[in-house]
Amino acid sequence: MSTTTMNDSKYAIETRAMNIYYGAFRAVKDVTFSIERNKITALIGPSGCGKSTVLRSFNRMNDLIPGARTEGEVLYHGQNLYDPDVDAVQVRRQIGMVFQKPNPFPKSIYDNIAYGPRINGWKGTRAEMDELVERALVGAALWDEVKDKLNQSGLSLSGGQQQRLCIARAIAVQPEVILMDEPCSALDPISTLKIEELMLELRQRYTIVIVTHNMQQAARVSDYTAFFLMDKEDRAGELVEYDVTSKVFQNPADKRTEEYVSGRFG
Amino acid sequence: MSTESLRPERQSIGSLPEGEAARQNVSSRQRRGKIWQGILLACTIFGIIILLMLAYNIVNDAFGGIGVQYAVEEEDLTDGRPLEELSQAELIAILETNLRSRVLKNLERERPLAERSREELIDIINDEIIKPEVVAVYSLSEFLFDRPTIEAELRKSHPRAEIEFKSWLSWDFIVTPMSSNPVEAGIRTAILGTLYLLWLTMLISFPLGVGAAIYLEEYKNDKPFDERIPAGRWMNNAIQRSAGLIETNIYNLSGVPSIIYGILGLAIFVRALEQFTSGAVFGYADPTTANGRTILSAALTMSLLVLPVVIISSQEAIRAVPGSMRQASYGLGATKWQTVWKIVLPNAMPGILTGTILSISRAIGETAPLIVIGASTFIVTDPTSLFSKFTVLPLQIYNWTSRPQPEFRAIAAAGIIVLLVLLLSLNAAAILLRNYLRSKRVST
């Protein structure tokens with residue numbers, strides 16, 4: 001997991017012949033693609049196509065589901081994340097995650113941010129933690145709204161603010177990659193816009209992978225788009241098309257992609 | 001799309017009521033709803049009536065009238081002035097004129113009368129000269145509404161006796177120890193025994209129960225040993241099987257009658273572990289040896305009794321912590337233990353505490369297992385350590401109700417009030433604690 005083994009600095013994450021099973025059921029089959037650094041990659045597709053499963057395999061969140069199993073390779077800096085000697089805990093510090101529903105802890109805004117660094121063995125003074133919290137909140141474009149109420153519960157914020165708090169919480173542990181699982185699906189259009197603007201800013205420092213049902217959103221913010229679809233025969237999700245976003249939306253190579261992005265099914 | 005037209009015949013789809021029929025249908029459905037509402041209300045009222053009857057019964061016995069007979073009337077001693085207003089010299093004078101010289105000499109030898117306080121002298125006058133004696137006990141309803149009858153009755157049997165109001169529940173009742181004379185008997189020993197037992201049971205069952213609940217909820221599917229070694233595989237298998245066995249049987253265990261836990265406690269804690277539960281291993285030698293029938297044995301038995309319920313309620317509280325919280329914590333790179341300790345437990349704590357306190361407050365009303373493990377029903381000494389003999393409130397009440405004298409029935413009722421107050425305050429504490437923890441969790 002050391003950052004010295006950068007054999008291919010262009011890509012943050014590469015998957016090779018990845019198959020994900022839930023028990024005996026194969027949910028995702030044979031996915032091979034590479035995610036570029038400091039870009040936003042959108043995973044789109046209809047419900048049940050396995051895009052969230054693929055996203056969650058990048059920081060081994062699927063490990064938490066009993067019976068879930070991943071075959072093939074997920075390479076991060078050339079290291080297979082599923083090697084027996086790789087600890088999922090370490091993976092998740094470097095590949096952070098933002099969830100569909102805002103899920104701040106029932107703690108103060110300050111403690112929500114400080115939680116990540118503290119559990120990861122952070123050492124420093126109280127003033128340094130204050131600085132860290134401020135930077136994370138500034139980074140998530142939330143600082144101005146909450147700087148006077150850092151001791152209030154994270155749950156007292158609005159939905160959009162809560163989601164930005166979750167983003168701030170994720171960047172407080174200084175990850176390289178941020179995975180976002182439909183981060184705006186529970187938010188109103190204005191909050192959604194704010195999160196999208198934030199993503200474009202975060203792109204400069206982080207690699208972002210986002211799962212979204214909202215195709216306009218994928219078209220607006222992402223650099224690359226991966227289109228997933230469920231194979232009708234074995235009900236396993238597969239990667240249909242992966243390319244630069246403008247190409248996927250304007251000139252897709254696959255007919256199924258064209259039907260989906262033009263809204264003819266899904 | 002029009003598969004309908006391909007069908008040879010159209011089948012009837014029934015009919016919905018229209019117009020007047022619809023109106024009637026609605027009002028008949030509403031009527032049915034009203035009838036059920038009435039039945040539900042009747043159930044509630046039935047419950048309330050039962051509660052009121054219980055309260056009436058207890059209060060009726062715990063307060064009421066007594067027929068008191070005095071050897072000498074107070075007015076005759078003091079020319080109509082109350083004893084409390086007399087000076088010390090006057091009190092001593094009363095004692096000297098009314099007591100026989102031998103009794104007086106004994107008192108003087110104990111401590112000269114002149115050195116005693118006025119309260120002490122008044123007590124002596126009460127005990128030695130006035131000598132009140134309860135000759136009859138009347139319930140509160142008799143005392144209030146049936147006065148002429150009971151007065152006539154009393155005049156016939158004890159012509160000199162008078163009817164007085166008596167509250168069997170009093171401060172004296174709470175602070176005096178047990179006595180064979182019901183008028184003097186108090187419940188202090190039993191209250192102390194119950195409190196001792198309560199804390200000790202909580203101390204034992206809370207960590208054990210919460211620990212087991214955490215394991216069953218969070219770690220059940222973990223494989224702590226190396227799967228690549230046969231011994232590790234075998235150990236993992238054994239652990240998972242026993243966890244499964246406990247999980248499936250825990251509801252059965254919580255339903256096991258309490259007396260069976262009493263028998264278990266007798267066999268294990270009182271008999272087999274006597275050296276430990278009597279404190280002998282710790283070099284503790286009680287002169288009034290309890291032989292393992294100690295508070296410690298009782299608390300261990302009670303812990304066995306409440307443990308399944310504590311585990312179940314803690315499991316439910318842990319399960320109620322949203323999975324999204326755990327995911328958020330894992331997503332930041334927390335280990336399982338960090339997630340459990342910093343996220344799951346603080347969020348589950350209000351529920352865990354409420355469940356634990358409620359189940360333990362249930363246990364302090366238990367009598368059967370304590371009888372089996374040999375708790376004392378008549379002791380006058382306070383419990384002083386884990387290895388003391390003891391009695392508890394329900395046992396004391398049980399003991400009193402089984403005696404023939406009506407005075408004991410009255411103090412049993414007073415004891416029930418004490419027990420209920422203790423239980424209710426415990427439950428209130430549980431609710432306050434839960435609300436406090438909840439408010440702390442959300443507002444900070």
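**Where chain A meets chain B**

Author: Happy to! Across the interface of chain A and chain B, the rule finds 0 salt bridges. Please keep in mind that this is a predicted model. Polar contacts do turn up here: 5 residue pairs, both partners at pLDDT 80 or more, are in polar contact across the interface of chain A and chain B. On the side of chain A that touches chain B, the elements giving two or more residues are α2 (88-94), β6 (95-98), α3 (109-119) and α6 (159-171) of chain A. Sorted by class, that side of chain A has 14 nonpolar, 8 polar and 5 charged residues.

How many residues are in contact? On chain A there are 27, and they are in contact with 21 residues of chain B. Together, chain A and chain B bury about 1,900 Å², and 62% of this lies on carbon and sulfur atoms. In chain A, the residues that lose the most area to chain B are A:P106, A:Y115 and A:I119, which together make up 29% of what that side buries.

A search of the whole structure finds 0 of them over all chains. A:C166 counts as buried, at 2% relative accessibility. A:C184 counts as buried as well, at 8% relative accessibility.

Notes: Residues are numbered from 1 along each chain as its sequence is written. Chains are lettered from A and ligands numbered from 1 in the order in which they are written. This is a predicted model: local features need pLDDT of at least 70, side-chain atom pairs count only at pLDDT 80 or more; totals for chains, interfaces and linings use all residues. Side-chain values use heavy atoms; hydrogens and water are left out. A disulfide is a pair of cysteine sulfur atoms within 2.5 Å. Buried means under 20% relative accessible area, exposed over 50%, partly exposed in between (1.4 Å probe, protein chains only). Contact means heavy atoms within 4.5 Å. Buried area is the accessible area (1.4 Å probe) that two parts lose on being put together, summed over both. A salt bridge is a side-chain nitrogen of Lys or Arg within 4 Å of a carboxyl oxygen of Asp or Glu. A polar contact is a pair of N or O atoms within 3.5 Å; within protein, one must be able to donate a hydrogen and the other to accept it, and residues adjacent in sequence count only if both atoms are side-chain atoms. Helices (H or I, at least four residues) and strands (E, at least two) are DSSP runs, numbered from the N terminus. Ala, Val, Leu, Ile, Met, Phe, Trp, Tyr, Cys and Pro count as nonpolar, Asp, Glu, Lys and Arg as charged, and the others, Gly among them, as polar.
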